[in-house]
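These are my notes from a first look through a structure that was new to me. I wrote them down in the order in which I looked things up.

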Amino acid sequence: MKAVATAAQTGGKCYVEVMSREQVKAILERVLTWSPERQEDAADILTAMEASDSSQLRLSNAQADEVRRRLADSDAETMTLEEFTAHFKRRLAP
């Protein structure tokens, strides 16, 4: 299993470390001490992760490369959902 620490968690440094079963168990035990709302959030996230494992949808290597390229583009053109919807409606208008 792998875990990715965010830059905020590590003082600006990102890294990947392999977690042991004991570390995973310890985290899950701590979750049980959280508020019911936070436990529900954790359950939702884990359920979504589990569902994604059984999904038949997969990106091709070319598609994954394109996603990485677009995420790396700091000057990418962006628009709000409202702008996108208006643009899309204009394109479909007869």
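**Notebook: contacts and exposure**

Entry 1. I began with a salt bridge between Glu 66 and Arg 69, whose closest N and O atoms are 2.5 Å apart. I note here that the model is predicted. Both residues sit in helix α3, and their spacing of three residues puts about one helical turn between them. I looked up how open each one is. Glu 66 is partly exposed, at a relative accessible area of 28%. Arg 69 is partly exposed too, at 46%.

Entry 2. Next I asked which other residue forms a salt bridge with Glu 66. I found Arg 70, with 2.7 Å between the closest N and O atoms. Arg 70 and Glu 66 are four residues apart in helix α3, about one turn of the helix. Arg 70 has a relative accessible area of 55% and is exposed. The cut-off for exposed is over 50%, so Arg 70 falls in that class. Through shared partners, the salt bridges join Glu 66, Arg 69 and Arg 70 into one network.

Entry 3. I stayed with helix α3, which covers residues 61–72. Here I found a salt bridge between the side chains of Arg 68 and Asp 65, at 2.7 Å from N to O. These two residues are three apart in the helix, so about one helical turn separates them. Is Arg 68 buried or exposed? I read a relative accessible area of 51% for Arg 68, which is exposed. For Asp 65 I read 44%, which is partly exposed. I then looked up the count for the whole structure, and the search finds four salt bridges.

Entry 4. I turned to the aromatic rings. How many aromatic pairs are there? The count comes to one. The pair is Phe 84 with Phe 88, and I noted 5.9 Å between the ring centres and 15° between the planes. Planes under 30 degrees apart count as stacked, so this pair is stacked. Phe 84 and Phe 88 both belong to helix α4 and are four residues apart, about one turn of the helix. Phe 84 is partly exposed, with 42% relative accessible area. Phe 88 is partly exposed as well, at 45%.

Entry 5. I then looked at helix α4 as a whole. The helix spans residues 81–92, which makes 12 residues. From its first C-alpha to its last it reaches 16 Å, close to the 16 Å expected at 1.5 Å a residue. How many of the 12 residues of α4 are buried? The number is zero, so the helix lies largely in the open.

Entry 6. Where does the charged end of Arg 38 sit? I found it over the ring of Trp 34, at 5.9 Å from the ring centre.

Entry 7. Last, I looked up the overall figures. The protein has four helices and two strands. Read from the N terminus, the order of the elements is β-β-α-α-α-α. There are 94 residues in the protein, and buried residues make up 5% of them.

Definitions and conventions: Residues are numbered from 1 along each chain as its sequence is written. This is a predicted model: local features need pLDDT of at least 70, side-chain atom pairs count only at pLDDT 80 or more; totals for chains, interfaces and linings use all residues. Side-chain values use heavy atoms; hydrogens and water are left out. Buried means under 20% relative accessible area, exposed over 50%, partly exposed in between (1.4 Å probe, protein chains only). The expected span of a helix is 1.5 Å times one less than its number of residues. Rings of Phe, Tyr and Trp (its six-membered ring) pair if their centres lie within 6.5 Å; planes under 30 degrees apart count as stacked, over 60 as edge-to-face and the rest as tilted. A charge sits over a ring if NZ of Lys or CZ of Arg is within 6 Å of the ring centre and within 35 degrees of the ring normal.
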